[in-house]
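Here are a few notes to go with your first look at this one. Have the model open and follow along.

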Amino acid sequence: MVEWQFTLLLLSNGLLIGLMYSLIALGFVLVYKATDAINFAQGEFVMIAGFVVAVALGAYGAPLWLAVPLGLAAMVAFGFGLERVMLRRLIGRPIIAVVMATIGLAAILRGVGPLTWGAETKPLVLPISDEPFILGPLFVPPIQLLGASVSIVFLGVFGWFFLKSRKGIAMRAIADSQQVAMAMGINVERYFALAWAMTGVVSALGGVIWGSMLGVDVHLSLVGFKVFPVVILGGLDSIPGAILGGLIVGVVENVAAGYVDPYVGGGTKDFAPYVLMILALMIRPYGIFGKRIIERV
Amino acid sequence: MLSLNNVEVIYDGVILVLKGVSLSVREGGITTLLGANGAGKTTTLKAISGLLRSERGEVTKGSIEFKGARIDRLAPHEIVARGIVQVFEGRRVFEHLTTEENLVAGAHVQPDRRKVQEGIARVYEYFPRLRERRTIQSGYLSGGEQQMLVIGRALMANPQVMLLDEPSLGLAPMLVEEIFAIVREMNRREKLTVLLVEQNAALALQIAEQGYVMENGRIVLDGPADALRENADIKEFYLGLTEVGARKSYRDVKHYKRRKRWLS
């Protein structure tokens, strides 16, 4: 293959995969934006969603149109429940309390998931072909195209929600000051629950898409690790940041894998985004689109 | 209309901040609550608006009644829905939201979209300067504009009672007069009841008709504003005037302490 074609292929794949990272990062951003909580269990949310859908499809033979809404409903309920049972009690505590709680939660979910549904890798088959589309020099697997499209739609929907809708404005108000939001009659706890439920929606979609690409087992939760470089690059509380960060991470890991792996024998894909993340932290700690602290002088 | 009966507030389960405060706010009037730093004025407002609990404070004795119903056990959003809204001191805008988004956020208890638009128009009528700044991130507004915005934002909830905490803090005197004039205008035109907390006693007693003076978590003086303006102690301690109208000098500090003892 010609050199420029190879590069183009790496880029296009990187962008598509990157959009799928953006979708998962969106779940993280939604929660951080509204509640200031850093969710270290984002990858595990995706894994649980994958399990629910894969088991509904495989073990119970449910049709797809039933299994996917089931996964969505399960994750929304999970988000609501989690907020009610665990996170509401941590409101107003130091941020480290929430961080540790979600790290603990992640470990629990990684145990409970396989324990409940079995440790073997389950297929999550979507009714689309494996044959890549061939567009000139590009090979595009249909699943990636589907994943990227779903990502774009939901990034758009949630972006609009935050920017324009009254509920979105209320959520941003809460992010600026919970106390003042309360004084304006905003029921802060209800919005926290809503944010976690929205993360549930995004995680369910991520679970279906990533599950169908990788298969569903405990390793599916590893996609969560890609969230951190994405949100640090883009800005922890920014939806455009999640998009751009995702695209950058997708491209960087693909290009790194394509050009560096042949010399070092593989594995660059997993750490290249983190190198970038550390660089980003040194140069622009609030990310590309992150919220800056406003100081009037 | 709004009354506090012997209210006691304790923070963190141990710190007694209000030691039996009673006051009543007349419907349609402006009532002012005066006092030095740390007297418990802001705590009194937060007890009314239900925001104490977010700071681990609690009304442990007494009751707060609004239009005949007890409100001291309600959540903040329920109290706003009943028509009482608090404006914090220190111009607490949602700084990453634009001016207009701040107003929309303030109308959160208003379900009707059209009424929200009407509300925004009404705020711009009172504060024309905010209209020019509608798309600016409110964190970048000037201090005076931010104070106007937080008052306008509170008006968006269509309140019957507005609890105003030190609107004069850190603003230029001319701006303060402008804002006070608008508060009086809102009071008259919207029949808005105002409970005004101030350290600037001279200004507050000018627009209020009823006043209370707090010290150390207690009400130590109260009465009609003009009577308070003429009260020798108020003149001396809050307006900084001696009986002949000259400024007080430090030579008389001892005298100040002696007089103040019976006040607290």
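1. Start with helix α3 of chain B: its buried residues pack against α6 of chain A, together with α4 (113-126), α5 (128-132) and α6 (143-155) of chain B. Helices here are DSSP runs (H or I, at least four residues) and strands are E runs of at least two, numbered from the N terminus.

2. Before going on, keep in mind that this is a predicted model, where local features need pLDDT of at least 70, side-chain atom pairs count only at pLDDT 80 or more, and totals for chains, interfaces and linings use all residues. Residues are numbered from 1 along each chain as its sequence is written, with chains lettered from A and ligands numbered from 1 in the order in which they are written.

3. How many residues of α3(B) are buried? Eight of the eight, spanning 99-106, so the helix is largely enclosed by the rest of the structure. B:Glu100 and B:Glu101 are among the buried ones, as are B:Leu103 and B:Val104.

4. On to the interface: 18 residues of chain A are in contact with 25 of chain B, contact being C-beta atoms, placed from the backbone, within 7 Å. On chain A's side, α6 (166-176) and α7 (178-183) each supply at least two residues, and α6(A) gives the most, with six.

5. Chain B also has an open, antiparallel sheet of four strands, ordered β2-β1-β4-β5; strands pair if DSSP finds at least two bridges between them. Eight bridges join β1 (residues 2-11) to β4 (residues 57-66) of chain B.

Terms used
Contact = placed C-beta atoms within 7 Å. Buried ≥ 20, exposed ≤ 12 C-beta atoms within 10 Å, placed from the backbone.
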